[in-house]
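Here is a briefing on one structure. It covers a helix pair first, then a sheet and the helices packed on it.

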Amino acid sequence: MKKKYARIEGLNIPSHVAIILDGNGRWAKAKGMPRNYGHLQGAKAVEDILSVADDMGIKYLTVYAFSTENWNRPAEEVEALMKILRKYMKNCLEKSNKNNVCCRVIGDKSKLDEDLRTRIRDLEEGTKNNTGLHFNIAINYGGRDEIIRAVKGIAKDVAAGKIMADDIDEKMLNDSLDLMGMPDPDLLIRTCNEQRISNFLLWELAYSELYFTEVAWPDFDDEELMKAIEAYNHRERKFGKTSDQLVK
């Protein structure tokens, strides 16, 4: 553990942290800058926090970059966001291989432009053998859409006779979701004082601890992540049990 994060020693580090990256536009507006400037700085903040999370011992990091509802934003903002994502995919491949990070993009990629899908494939293929931090980027992602896609896939298998309807259980649905093979998030962080999950990881967040901060995403740094982890350590995760059962 690096000396910079010495006070985290002895704390329970969440294995999987999910973050809703909120407040880029408001942050930029407060500085008299266009919203796109906020998105650019937000992308930089993702790079910074990825390194911090790795140093702190977090094993999985999932960020909400672009939702299925974000297509409803002004066309020029959507275009700017797609441009930022294209550049980020390219830069992320180089940096992830340098830092042994394994990347996955979750969401309905079929709705994205072909050139962006190509960059996503390059990123996933190029980092799949890395053994360090697992980094998941949600693009054109919606929790309800994810569940619908999973159910459709299972329904096709039932129709084809590959499985019986009675075979469907929690594990089968879980294995059909975008984060298959990964543990559910232990901690969800949302920035910029919004206190809702906004259609993010609806299935996976069933027992996650939720942490909300007034800090806008471009200002979220190592100190803010430390605060979130310290708050997480004051939570008692019971998963439906009583406190007395956990003590035994």
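**Helix pair and sheet**

H2 and H7 are oblique to each other, oblique being what remains once angles under 35 degrees (roughly parallel), over 145 (roughly antiparallel) and 65 to 115 (roughly perpendicular) are set aside. The model is predicted: local features need pLDDT of at least 70, side-chain atom pairs count only at pLDDT 80 or more, and totals for chains, interfaces and linings use all residues. Residues are numbered from 1 along each chain as its sequence is written, and side-chain values use heavy atoms, without hydrogens and water.

**H2 against H7**
- The axes of H2 (residues 35-56) and H7 (residues 222-232) come within 10 Å and cross at roughly 45°.
- Axes are lines fitted to C-alpha atoms, for helices over the stretch in contact; angles run from 0 to 180 degrees between N-to-C directions.
- Helices (H or I, at least four residues) and strands (E, at least two) are DSSP runs, numbered from the N terminus.
- Ile49, Val52, Ala53 and Met56 in H2 meet Asp222, Leu225, Met226 and Ile229 in H7, contact meaning heavy atoms within 4.5 Å.

**Sheet**
- Six strands form an open sheet, ordered E3-E4-E2-E1-E5-E6, with parallel pairing; two strands pair if DSSP finds at least two bridges between them.
- E3 (102-106) and E6 (209-212) are the edge strands, each with a single partner strand, so one side of each lacks a neighbour in the sheet.
- Strand-to-strand twist averages 20°.
- Five bridges join E1 (residues 16-20) to E2 (residues 60-67).
- Ile20 has Tyr64 in E2 as its bridge partner.

**Helices on the sheet**
- H3 (residues 75-98) touches E2, E3 and E4 (134-141), and its direction makes about 160° with that of E4.
- H4 (residues 114-127) touches E3 and E4, and its direction makes about 145° with that of E3.
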